[in-house]
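Take a moment with the sequence and the model below. We will walk through them together, one region at a time.

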Amino acid sequence: MIVPHDRPVRRPAVPFFIEPLQIVARNQRKSVPTGETTVHAAAPPYWPEDAPARQLAAAGRRERTAAPAQDPWRLFVEAARAGRPTPSACRTLEAIYGPLLRAAGPFVVAQLGQSLDGRIATVDGCSHYINGAAALDHLHRLRACVDAVVVGIGTVVADDPRLTVRRCRGASPARVVIDPRGRLPATARCLGDDAAVFVVRGLDAPAAPAGETVRVPHDADGRLDPPAIVAALAARGLRRLLIEGGATTISHFLATGAVDRLHVAVAPLIIGSGVPGLALPPVPALEAALRPPTAVHLLADGNVLFDCDIAAVRRKEGGTADAAPDNLPAARQDAPLGDRDLRDRRDPARHRHGPGAVGADPGHAV
Ligand SMILES: NC(=O)c1ccc[n+]([C@@H]2O[C@H](COP(=O)([O-])OP(=O)(O)OC[C@H]3O[C@@H](n4cnc5c(N)ncnc54)[C@H](OP(=O)(O)O)[C@@H]3O)[C@@H](O)[C@H]2O)c1
């Protein structure tokens with residue numbers, strides 16, 4: 001309510017927070033499951049590991065990160081990749097990125113940046129930038145942790161993203177575009193030569209003009225089957241995947257049980273209308289809603305990161321289709337793994353697109 005300055009403010013006789021509290025109490029009487037939530041609401045800097053780099057930036061120095069020897073991000077990544085314990089100065093990094101880096105088998109994290117009203121873009125498809133600097137840092141760290149970043153063709157057409165790692169140390173992952181109808185523009189920036197490119201298409205679709213074509217079957221709903229996409233990429237040595245958007249793509253992966261971890265970065269802005277975030281099949285009642293164990297991190301830019309352990313829901317429910325919640329089906333069947341190492345997967349020379357490309361496999365089916 002906006003109150004004109006020349007009129008006295010009438011205070012309600014009853015504190016206005018009474019009513020919401022009553023609503024919460026009514027819900028609790030119905031035994032609605034509460035989920036498991038851990039709040040890390042530390043005062044800024046929210047990640048103590050970032051303090052040296054932010055001090056440098058505040059002092060007007062150009063370096064965004066601390067000297068290599070002391071860079072907590074680098075120390076953390078090296079320890080995690082080597083299977084060593086995390087240095088004590090990197091505990092928050094371990095909490096957020098450790099499960100991804102330390103996973104033994106295929107691991108899929110999906111990330112979405114959205115407004116308070118659950119929008120991921122304006123009505124015109126503009127999403128740059130809903131999130132603040134710290135949330136963007138987080139996104140680039142996720143990219144640096146994975147073997148491949150996966151986007152739907154809608155995001156490529158709308159944003160023309162590079163999908164590279166630019167805001168932290170780390171190699172850029174391979175790029176995967178899900179493009180069932182061959183809409184990928186030849187000039188798309190994600191086709192850059194700094195990493196391998198894969199284009200996911202149907203079994204009968206012609207080969208993509210760029211990158212390695214990965215053919216997967218359609219599921220019963222007529223979409224390219226997300227678990228089959230995960231399996232096909234794992235067979236090519238791409239085990240750690242970041243599903244970066246848009247909402248249609250992430251929703252497909254989530255609805256088919258192909259996501260292990262969901263990161264939602266909520267920014268304190270209200271767009272009002274526009275492209276909505278996740279859309280899953282309806283649940284009959286709130287009791288059937290997905291309530292993953294979730295860690296909540298307050299970021300320095302005022303964004304809030306919800307780190308949802310979707311795989312834990314599958315484990316809790318026994319990992320069977322019958323036991324899973326209504327809007328999360330059976331556990332993903334992990335595919336046999338390919339034997340290329342991480343350097344191979346990211347090496348563009350082994351996957352360079354175009355005629356005569358090394359490793360290109362235009363007729364390769366799952
Ligand atoms: N805020 C954020 O975090 C964020 C991140 C990324 C993107 N965005 C925004 O999101 C918008 C784009 O999102 P979007 O949901 O419209 O599109 P999208 O998810 O990027 O792409 C959807 C399209 O990709 C293809 N596709 C993806 N998965 C498929 C599957 N399993 N089977 C078959 N086809 C599949 C289909 O292509 P066809 O239509 O050709 O069949 C589908 O329509 C843009 O405005 C972008 O700016 C926001």
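Start with the shell around the ligand. Keep in mind that this is a predicted model. Six elements each supply at least two residues of that shell: strand 2 (107–115), strand 3 (119–121), strand 4 (148–152), helix 6 (153–159), strand 8 (240–245) and helix 8 (247–255). Which of them gives the most? Helix 6 does, with five residues.

In total, 30 residues surround the ligand. The closest are Gly-152, Gly-154, Gly-245, Gly-246 and Thr-248. By class, the shell has 13 nonpolar, twelve polar and five charged residues.

Now step back to the whole protein. The protein has eleven helices and twelve strands. It is 366 residues in length, and 40% of them are buried. Consider next the contacts with a separation of 6 or more. Residues 24 or more positions apart account for 68% of these.

Return to two of the residues closest to the ligand, Gly-245 and Gly-246. The peptide bond from Gly-245 to Gly-246 is cis, with omega near -5°. Gly-246 sits in the loop between strand 8 and helix 8. Both of those elements supply residues to the shell around the ligand.

Another cis peptide bond joins His-128 and Tyr-129. Its omega is about -10°. Tyr-129 belongs to the loop between strand 3 and helix 5. What makes such bonds worth a look? Most peptide bonds are trans.

Phi angles come next. Most residues other than glycine have a negative phi.

Leu-163 is buried, because 26 other C-beta atoms lie within 10 Å; the cut-off for buried is 20 or more.

Turn now to helix 3, residues 72–81. Its buried residues are Pro-72, Trp-73, Leu-75, Phe-76, Val-77 and Ala-80. What covers them? The cover includes helix 4 (91–101) and helix 5 (133–145). Just after helix 3, Gly-83 takes a positive phi of about 75°.

Two packed helices are described by the angle between their axes and the distance between the axes. Helix 3 and helix 4 pack at an angle of about 35°. Their axes are 10 Å apart. The crossing of helix 3 past helix 4 is right-handed.

Which residues meet there? From helix 3 come Pro-72, Trp-73, Phe-76, Val-77, Ala-80 and Arg-81. From helix 4 come Leu-93, Glu-94, Gly-98 and Leu-101. By class, this contact has seven nonpolar, one polar and two charged residues.

Definitions and conventions. Residues are numbered from 1 along each chain as its sequence is written. This is a predicted model: local features need pLDDT of at least 70, side-chain atom pairs count only at pLDDT 80 or more; totals for chains, interfaces and linings use all residues. A residue is buried if 20 or more other C-beta atoms lie within 10 Å of its own, exposed if 12 or fewer, and partly exposed in between; C-beta atoms are placed from the backbone. Helices (H or I, at least four residues) and strands (E, at least two) are DSSP runs, numbered from the N terminus. Two residues are in contact if their C-beta atoms, placed from the backbone, lie within 7 Å. A residue is near a molecule or strand if its C-beta atom, placed from the backbone, lies within 6 Å of it. Ala, Val, Leu, Ile, Met, Phe, Trp, Tyr, Cys and Pro count as nonpolar, Asp, Glu, Lys and Arg as charged, and the others, Gly among them, as polar. Axes are lines fitted to C-alpha atoms, for helices over the stretch in contact, and angles run from 0 to 180 degrees between N-to-C directions. A crossing is left-handed if the near helix is turned anticlockwise from the far one by less than a right angle, and right-handed if clockwise.
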